[in-house]
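Reader: Hi! Could you walk me through this model?
Author: Happy to, let's take a look together.

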Amino acid sequence: MLRLILKRLLLAIPTMFAVLTIIFLIVRVIPGDPAQAVLGDNATDESLAALRTQMGLDEPIWKQYVTYLGGLVQGDLGDSLVTRQPAWDQIRYVIPYTLELTLAAILIALAIGIPGGVITAIRQNTWVDYLVRVVSLAGLSAPAFYIGLLLMYFLSARAGWFPAIGAGTFSEPAANLHSLVLPAITLGLVETAYVTRMTRSVMLNVLSDDYVRTARAKGLVNRVVMIRHALRPAMVPIVALTGIFTIGLIGSSVLTEEVFARPGLGKLMVGATKTRDYNLLQAIMVIYALIIIIVNIIVDIIYTWVDPRMRR
Amino acid sequence: MAATTSRSTTGGAASPRAPIKLISQRQRAWRTFSRNKSALVGLVLIVLIVVVALLAPLISPHSPMTQSTINRLQGPSAEHWLGRDAFGRDVLSRILYGTRVALQVGVISVVLGGILGTTIGVVAAYFGGKLEAALMRLVDIMLSFPDLITGLLVMAVLGSGMDKLIIAIALTITPRFARIAYGPTLGLKEKEFVEAARAVGQNNAIILGKHILPNIGGELVVLASLWTASAIRLEASLSFIGLGVPPPTATWGQMIREGTTYLANLPMLSLAPGVALLITVFAFNLVGDGLRDVLDPRSKA
């Protein structure tokens, strides 16, 4: 298992390298002067030139690239253009908030989505199936911010059960969890729609396999067939696809954090985009790339663990 | 994949079949599609939405732009069915006009991204070699980032505006088309008819245009419907964040954002445009789902 993890990590290095290069190029080469962005349109030419020198922008592009990669290797993500503090400081502060939100959402999605998918697969083409399919398609159509707003209106503004915005602090776990409920449901419902649909189609595939028919022919109780013969093999693609949806979840988490004014990686990125803080933006992109690669590795590992055939 | 005749056997059990009648592929596709009631509902909805977009100036009860500070922030009334926003503008009229931006951005970005992505996918598959490796690697990396993150990054670099928004969304769609165009082309370029075309001396451009593209075109057009749904959703999301079409143009995402401040007292300001957005995205998804069943009869099993 350790060898597998190491192998995957080694394989990830060229990918990470390519991603870093692309991010670097997007942020540097495309028009738009970061110095101008920091100082605004009224900045004098002298102050612009001074800042450019300070930021290393007048160096040749390859030298900037080497400096940038060199910094990253040493764990230096660069300084924010706005606060002039290390970007990592801001990122480190928000990551736990994004993490708790994402984990809670995944739990909700698996808890509702897998049973939902299994039931619709078993009751294929009945009204339950149609209902769940239409609802999950509606869930796919609704952007996270809209689901969030609906929950906020009914459960917070009207019912007053949950705080509408903010995330509390980790030093007060009760308040923190209380603030987590609505955002987690929001993000969880988006993910649930994906998990339900995917589980349904995976189950339908498995149910038409020969060994399931054999199990039925042997006279096994339906429940046993479903759980031992159908759901277990179905778990492999379900796990893999859940990992992939988790990456998709990042996009929705940006919107969720924006609606509920929660601190988080997504909200930080939106802020960096608006203030044109290219360095912070670049640092956040590097973190996102890392997260995506790590999730992929985790999916690979779980895959191997669930399906012994992959252990090679 | 597109031109098989053995599809009828995938139906499974030996059902008593009517005497074989020859129907064209297009007829069969329409039959499968129209038997799917939800897809038909989606199609009807899309037609209605397009009509609303075209007739917005005629059917809107008020101007979407006229401000009235004295009458700002009013709830629904007989004169203003959905109330007035923070600038005193009629919410219903702004929703109707918002249809135009949503459709425009959605359709244009899918067309642009579709053309660019298809070109990349077909060229990569057809010519192979280092070009293929480089292009598809790039496509995979782009695909691994969520749409919204890519969109945000591009908007950060380009700045706001409708043209830039379209470019940003088109770029998120490009790798998807590239992936879908890539696979079938790989198979097609080995087929006899392509070899024959090459043997009679047709050049690559003609082979790509006349022999490869028509064979994957149907699939791409069909999937464009699904991507239009996500393009419209992405447009609304970026506008909601405040990085879309700049005000005062009426867009659903922007209206929802502005309305959140008054959510407790005037929920219609943000919830009503959200319903319009939801219906539109839902309609395109319904049609996309139905079309996917036409393409892949097994998936509806």
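**Confidence and chain A**

Author: This is a predicted model. Chain A has a mean pLDDT of 81, with 94% of its residues at 70 or more.

Reader: Which elements of chain A have the lowest and the highest mean pLDDT?
Author: Helix α2 (residues 34–39) of chain A has the lowest, with a mean of 69. The highest belongs to helix α5 (residues 87–122) of chain A, at 89.

Reader: Thanks! How many helices and strands does chain A have?
Author: There are twelve helices in chain A and zero strands.

Reader: And what does the C-alpha trace of chain A span along its principal axes?
Author: About 85 × 55 × 35 Å.

Reader: What percentage of chain A counts as buried?
Author: Of its 312 residues, 37% count as buried. As for contacts in chain A between residues at least 6 apart in sequence, 71% of them join residues at least 24 apart.

Reader: Switching to chain B: at what angle do the axes of α2(B) and α10(B) cross?
Author: Roughly 135°, for helix α2 (residues 37–59) of chain B and helix α10 (residues 268–295) of chain B, whose axes come within 8 Å. Because of that angle, α2(B) is oblique to α10(B).

Reader: Left-handed or right-handed crossing?
Author: Left-handed, as α2(B) passes α10(B).

Reader: Nice. Which residues make that contact?
Author: From α2(B) they are B:Ser38, B:Ala39, B:Val41, B:Gly42, B:Leu43, B:Leu45, B:Ile46 and B:Ile49. From α10(B) come B:Ile279, B:Thr280, B:Ala283, B:Phe284, B:Leu286, B:Val287, B:Asp289 and B:Gly290.

Reader: How do the residues of the contact of α2(B) with α10(B) divide into nonpolar, polar and charged?
Author: Eleven are nonpolar, four are polar and one is charged.

Reader: Now the interface. How many residues of chain B are in contact with chain A?
Author: In chain B, 38 residues are in contact with 37 residues of chain A.

Reader: Which elements give two or more residues to the side of chain B that touches chain A?
Author: Those are α4 (129–144), α5 (147–158), α8 (204–241), α9 (252–260) and α10 of chain B. The largest share of that side comes from α10(B), with ten residues. So α10(B), which has a contact with α2(B), also gives residues to the side of chain B that touches chain A.

Reader: And how does that side of chain B divide into nonpolar, polar and charged?
Author: The side of chain B that touches chain A has 25 nonpolar residues, nine polar and four charged.

Reader: Great, thanks for the tour!

How values were computed
Residues are numbered from 1 along each chain as its sequence is written. Chains are lettered from A and ligands numbered from 1 in the order in which they are written. This is a predicted model: local features need pLDDT of at least 70, side-chain atom pairs count only at pLDDT 80 or more; totals for chains, interfaces and linings use all residues. pLDDT is the predictor's confidence in each residue, from 0 to 100. Helices (H or I, at least four residues) and strands (E, at least two) are DSSP runs, numbered from the N terminus. Axes are lines fitted to C-alpha atoms, for helices over the stretch in contact, and angles run from 0 to 180 degrees between N-to-C directions. Angles under 35 degrees count as roughly parallel, over 145 as roughly antiparallel, 65 to 115 as roughly perpendicular and the rest as oblique. A crossing is left-handed if the near helix is turned anticlockwise from the far one by less than a right angle, and right-handed if clockwise. Two residues are in contact if their C-beta atoms, placed from the backbone, lie within 7 Å. Ala, Val, Leu, Ile, Met, Phe, Trp, Tyr, Cys and Pro count as nonpolar, Asp, Glu, Lys and Arg as charged, and the others, Gly among them, as polar. A residue is buried if 20 or more other C-beta atoms lie within 10 Å of its own, exposed if 12 or fewer, and partly exposed in between; C-beta atoms are placed from the backbone.
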